[in-house]
Amino acid sequence: MKLTELFLVTIVTERILRDDLVDLIRDNGGKGYTITDVEGEGSRGTRVSDFEGKNVKIETVVSREVGNKIIDQIAEHYFENYAVIVYANPVKVVRGDKYI
Amino acid sequence: MKLTELFLVTIVTERILRDDLVDLIRDNGGKGYTITDVEGEGSRGTRVSDFEGKNVKIETVVSREVGNKIIDQIAEHYFENYAVIVYANPVKVVRGDKYI
Amino acid sequence: MKLTELFLVTIVTERILRDDLVDLIRDNGGKGYTITDVEGEGSRGTRVSDFEGKNVKIETVVSREVGNKIIDQIAEHYFENYAVIVYANPVKVVRGDKYI
């Protein structure tokens with residue numbers, strides 16, 4: 001089975017940002033996403049969250065180019081005022097051409 | 001602590017396939033799995049899902065050989081008619097000999 | 001956007017260990033964590049779990065040094081008597097200096 005190297009971008013943030021980030025992923029070329037309800041604590045921004053503990057994890061498999069765009073847009077719009085963690089790692093994807 | 005390099009295979013698909021895929025993992029040599037209820041959208045197959053939005057993520061840590069078998073079997077049996085995304089990445093596992 | 005290479009340490013274990021492992025992460029220098037309720041089966045220790053099927057996944061993004069400490073502590077205190085799987089993989093993190 002042919003595997004394509006793409007990037008898994010993972011975002012963990014406040015649930016209130018869920019729909020905004022799904023739109024952001026789509027607007028920057030992401031073809032899909034997976035959302036998981038999670039709990040957690042971590043380094044935070046300046047805003048005291050009303051939703052401490054209740055977070056959402058959003059994952060998307062994208063090309064490096066789309067991943068960089070998504071990361072830059074999240075940094076620009078959400079890092080100052082929201083609790084957001086974003087990381088990426090390479091993954092080998094089956095039928096990877098569907099995600100580019 | 002000695003770490004063994006193995007592969008984390010991640011499958012995101014319709015919930016209706018959950019039990020079939022757990023059997024498939026076991027039948028091909030997987031020693032365990034983790035299941036998470038998730039939501040999502042993505043590239044789909046030809047079947048219009050009655051379960052749009054409600055998906056399941058199945059993760060299994062396996063050898064490269066077992067991982068390839070699992071991926072090939074999923075591709076052969078489910079890619080045509082179901083929404084399935086499959087990707088893999090190397091992970092360093094503690095007590096990795098238990099997973100081979 | 002500058003990315004820092006750190007390690008994503010993933011622990012899947014019995015729910016009863018949740019609070020203990022959060023403390024262990026913090027005590028060894030972890031700055032945050034994400035918790036997901038999951039189900040699963042896998043290689044187990046000597047203890048027959050009363051919570052079979054109900055597990056928790058704990059993820060933390062840390063430096064290699066902190067990751068090694070966390071892994072060693074989990075191995076020392078929990079491997080003998082609990083069902084625990086621990087693995088790690090490198091991730092590129094945005095604002096990674098917040099996690100060190």
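## Salt bridge within chain C

In this predicted model, the side chains of Asp37(C) and Arg15(C) form a salt bridge with an N to O distance of 3.9 Å; the term denotes a side-chain nitrogen of Lys or Arg within 4 Å of a carboxyl oxygen of Asp or Glu. Asp37(C) belongs to strand β2 of chain C and Arg15(C) to the loop between β1 (3-14) and α1 of chain C, so the pair ties together parts that are 22 residues apart in sequence. Helices (H or I, at least four residues) and strands (E, at least two) are DSSP runs, numbered from the N terminus.

Asp37(C) is partly exposed, at a relative accessible area of 45%, and Arg15(C) is partly exposed at 29%. Here buried means under 20% relative accessible area, exposed means over 50%, and partly exposed lies in between (1.4 Å probe, protein chains only).

## Basis of the values

Residues are numbered from 1 along each chain as its sequence is written, while chains are lettered from A and ligands numbered from 1 in the order in which they are written. As the model is predicted, local features need pLDDT of at least 70 and side-chain atom pairs count only at pLDDT 80 or more, whereas totals for chains, interfaces and linings use all residues; side-chain values use heavy atoms, with hydrogens and water left out.

## Salt bridges between chains

Over all chains, the structure holds 18 salt bridges. One of them joins the side chains of Glu39(A) and Arg18(C) at 3.3 Å, N to O. This pair crosses between chains, from strand β2 (residues 33-41) of chain A to helix α1 (residues 18-27) of chain C. Glu39(A) is partly exposed, with 28% relative accessibility, and Arg18(C) is partly exposed with 24%.

A salt bridge of 3.3 Å, N to O, also links the side chains of Arg18(B) and Glu39(C). Arg18(B) is placed in helix α1 (residues 18-27) of chain B and Glu39(C) in strand β2 (residues 33-41) of chain C, so this pair joins two chains. Arg18(B) has a relative accessible area of 24% and is partly exposed; Glu39(C), at 27%, is partly exposed.

## Interface of chains C and B

The size of an interface is often given as the accessible area lost when the parts come together. Between chain C and chain B the buried area is about 1800 Å², with carbon and sulfur atoms giving 50% of it; this area is the accessible area (1.4 Å probe) that two parts lose on being put together, summed over both. The contact (heavy atoms within 4.5 Å) takes 22 residues from chain C and 22 residues from chain B. Three salt bridges are counted between these chains.

On the side of chain C that touches chain B, the elements giving two or more residues are β2, α2 (64-78) and β4 (84-94) of chain C. Strand β2 (residues 33-41) of chain B is joined to β2(C) by three bridges, and the two strands run antiparallel; strands pair if DSSP finds at least two bridges between them. Within β2(C), Gly40(C) is the bridge partner of Thr34(B).

## Architecture of chain A

Chain A contains two helices and four strands, and its elements run β-α-β-β-α-β from the N terminus on. Of its 100 residues, 55% count as buried. Among contacts in chain A between residues at least 6 apart in sequence, 76% join residues at least 24 apart.
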